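User: Please take a close look at the aromatic rings here. I would like to know how they pair up.

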Amino acid sequence: MSKASSPGEEKLKVLALHGYRQNADAFKAKLGSFRKFLNKYVEFVFVSAPHTAAPLEADGEPDPTQRSWWFNKEDRTFKGTNKGGPAYGFDESLKLVEKTWQAEGCNGLLGFSQGACFVGLLCDLSARGLTTMKPQFAVLASGFRSGSLVHLNYYENKVQVPSLHIFGETDEIITKDMSESLAETFLDPEIVTHPGGHYFPAQASLKETYVEFFRDQLQQHLEAKELQNATEENSFHIEERTEELETLAHGQQGGSDSDSD
């Protein structure tokens with residue numbers, strides 16, 4: 001049996017991006033059941049955003065555990081529904097995520113809320129060759145299009161990587177139509193809805209959907225890897241044979257020169 005048909009020997013590495021006011025540890029904890037479903041196929045890499053979110057109360061102290069990927073309002077806060085604002089801190093977050101992606105050797109992206117918005121932007125940047133990241137697939141939960149002015153041209157072409165979009169029918173923070181609008185920027189998106197609100201669903205009824213998506217991505221990853229290895233091996237043999245022929249030709253040429261002296 002070929003390696004590509006036995007996807008138990010290797011796992012996908014998925015970079016997971018948390019939502020606004022979350023952090024790596026909090027997001028990892030919230031995805032506990034989800035991660036257990038996929039333990040056979042996926043290793044998740046969690047990273048915290050580089051910016052501390054503003055305090056909830058105007059006169060409060062910032063909580064260093066509440067992080068943000070960027071801010072889209074002049075008061076350096078973030079709201080998914082805000083349109084036409086800035087994207088303060090986005091470049092720092094992009095550099096951090098690119099560095100983590102390369103260091104960990106990731107294959108795909110997963111994001112929740114602001115993190116899902118970020119995943120959408122990263123996929124578009126990759127498609128245009130504007131980042132070193134090359135995600136093979138994306139999972140976007142409670143995602144939405146960024147309304148920041150600098151991001152408005154990111155959604156002109158459809159992203160062609162396989163994508164799974166998850167959102168709640170009664171989400172009041174990121175409404176269903178906002179998540180649908182982001183899904184429309186992907187080619188052939190797979191959509192999963194749940195009756196709840198703003199959270200990442202991991203009920204048993206969704207387990208098979210999640211497993212099937214990641215199992216398919218692992219299968220494709222292994223097949224692509226096998227094809228690449230075969231191509232590289234074939235290329236090596238061609239180069240080796242070419243060198244042999246060149247050496248042989250050079251030897252024959254040297255022999256004829258000595259005969260003529």
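Analyst: What follows is a walk through the aromatic rings. This is a predicted model, where local features need pLDDT of at least 70, side-chain atom pairs count only at pLDDT 80 or more, and totals for chains, interfaces and linings use all residues. Residues are numbered from 1 along each chain as its sequence is written, and side-chain values use heavy atoms, with hydrogens and water left out.

A pair of aromatic rings is described by the distance of the centres and the angle of the planes. Rings of Phe, Tyr and Trp (its six-membered ring) pair if their centres lie within 6.5 Å. Planes under 30 degrees apart count as stacked, over 60 as edge-to-face, and the rest as tilted.

The structure holds 19 aromatic pairs. One of them joins Trp69 and Phe118. Their centres are 5.4 Å apart, with 55° between the planes, and the pair is tilted. Trp69 lies in the loop between β4 (67-68) and α3 (90-104), and Phe118 in helix α4 (residues 114-127), so the pair ties together parts 49 residues apart in sequence. Helices (H or I, at least four residues) and strands (E, at least two) are DSSP runs, numbered from the N terminus.

Trp69 is buried, with a relative accessible area of 0%. Phe118 is buried too, also at 0%. Buried means under 20% relative accessible area (1.4 Å probe, protein chains only).

Ring pairs also build a cluster. Its members are Phe27, Phe34, Phe44, Phe46, Phe112, Phe137, Phe200, Tyr210, Phe213 and Phe214.

One ring meets a charge. The charged end of Arg128 sits over the ring of Tyr154, 4.8 Å from its centre. The rule asks for NZ of Lys or CZ of Arg within 6 Å of the ring centre and within 35 degrees of the ring normal.

Note on methods: Buried < 20%, exposed > 50% of the residue type's maximum accessible area, 1.4 Å probe, protein only.
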